[in-house]
Amino acid sequence: MHDLTTITNLITPEQNETAAIVFDALAPNTRRAYETNLKAFAAWIGNDQLTDPKLCEYLQYAFDCGKSPASLRMICAAVQWLCTSTDQPSPVGKRSKAKIKKLSEAGSDRGRGQAKPLTYDNAVSMLTIGNPLDKGIVALAFMAGLRRSEIAALTWNDLEESENDNLLIHVRTSKTNRAGEDTDIRLLKNGFAKAVRDLRSGASDDDLVIGLKPQRISQRITALAKQAGITHKLTAHSGRVGLASELTARGASTTETMLAGNWKTARMVAHYSAGAKAQRGAVAKFL
């Protein structure tokens with residue numbers, strides 16, 4: 001169990017036990033983000049009182065240091081989580097929310113923004129030039145719409161041969177299904193299924209399909225995209241964004257797209273496929 005008193009001076013040892021239990025239940029990426037932000041904030045605030053005006057002051061300081069609007073929102077989320085977990089009044093109030101809005105407008109050009117979509121044609125071209133491991137990563141990221149953490153966790157036991165030489169991918173746990181309670185099955189077909197199937201080479205059911213850490217998976221896709229002559233930067237999440245965009249462009253309904261990538265809300269599908277919808281919209285049809 002984590003000792004949060006080594007991360008932040010904003011809680012007492014008595015509050016640590018409950019907070020640490022909740023902290024350990026968070027997704028690993030969320031834990032790392034909260035830990036990094038809470039350490040920095042605790043070092044900055046020192047022994048000063050945790051208030052809305054003080055948080056505003058820190059947000060301005062972080063912005064002046066080059067933080068993006070997304071990073072500022074993560075700071076607030078980390079502080080909000082800590083206070084909620086320890087039954088403390090949260091300093092995230094009207095002032096800090098207004099500050100976030102103002103700084104978001106001023107820093108609209110900062111940060112990664114949404115990942116660029118990996119198109120079907122680009123994915124196919126990457127399958128023709130990549131080494132076997134990279135081909136498998138591309139297939140899982142695009143046609144299965146897997147996040148990089150899901151690709152990293154996938155074992156051969158999670159793959160099932162299906163009709164027409166298709167592969168079914170059983171996603172046991174994910175960002176939105178950490179307990180593994182929801183049924184989440186994705187489909188790979190044609191060259192995408194072959195790219196993953198070709199990786200097996202005598203591996204046992206319990207072996208990892210890819211065997212790389214999430215960050216390394218993203219780096220491999222970025223490097224392969226460059227090799228393929230794709231001018232905009234792609235990451236592992238580009239496959240998931242591209243799946244939503246391509247399915248929408250080809251006429252799939254929102255419900256069909258949600259099922260294909262196991263999106264929980266139509267809002268995320270709409271967000272990822274906004275460009276594709278514009279391409280099929282009234283301007284494209286009538287002008």
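Me: Buried means under 20% relative accessible area, exposed over 50%, and partly exposed in between (1.4 Å probe, protein chains only). With that settled, which residues of helix α9 are buried?

Reply: This is a predicted model, in which local features need pLDDT of at least 70 and side-chain atom pairs count only at pLDDT 80 or more, while totals for chains, interfaces and linings use all residues. Residues are numbered from 1 along each chain as its sequence is written, and side-chain values use heavy atoms, with hydrogens and water left out. Helix α9 covers residues 190-197, where helices (H or I, at least four residues) and strands (E, at least two) are DSSP runs numbered from the N terminus. Its buried residues are F192, A193, A195 and V196.

Me: Let's step back to the whole chain. What share of its residues counts as buried?

Reply: The chain has 15 helices and 3 strands, and its C-alpha trace spans about 65 × 55 × 35 Å along the principal axes. Among contacts with a separation of 6 or more, 63% join residues 24 or more positions apart. Of the 287 residues, the buried share is 43%.

Me: Which residues lie nearest the centre of the second largest pocket?

Reply: On a 1 Å grid over the protein atoms alone, a cavity is a set of points where a 1.4 Å probe fits but cannot get out, whereas a pocket is an open set with protein on both sides within 12 Å along at least five of seven lines; lining residues have an atom within 4 Å of a point. This pocket has 14 lining residues. Elements that give two or more residues to the lining are β3 (185-188), α11 (237-249) and α12 (254-261). Nearest the centre are F142, M143, K189, L243 and L247.

Me: How many of the residues lining the second largest pocket are charged?

Reply: Ala, Val, Leu, Ile, Met, Phe, Trp, Tyr, Cys and Pro count as nonpolar, Asp, Glu, Lys and Arg as charged, and the others, Gly among them, as polar. On that basis the lining has 9 nonpolar residues and 1 polar residue. The number of charged residues is 4.

Me: What is the side-chain partner of R147 in its polar contact?

Reply: R147 sits in the loop between α7 and α8 (148-153) and is buried, at 14% relative accessible area. A polar contact is a pair of N or O atoms within 3.5 Å; within protein, one must be able to donate a hydrogen and the other to accept it, and residues adjacent in sequence count only if both atoms are side-chain atoms. At 2.7 Å, the side chain of R147 contacts that of E150.

Me: Is D158 buried or exposed?

Reply: D158 lies in the loop between α8 and β1. Not counting residues up to four places away in sequence, D158 touches A153, L168, I169, H170 and R172. With a relative accessible area of 6%, D158 is buried.

Me: What is the phi of D165?

Reply: Most residues other than glycine have a negative phi. D165, in the loop between β1 and β2, is exposed, with a relative accessible area of 57%. Its phi is positive, near 65 degrees.

Terms used
Contact means heavy atoms within 4.5 Å.
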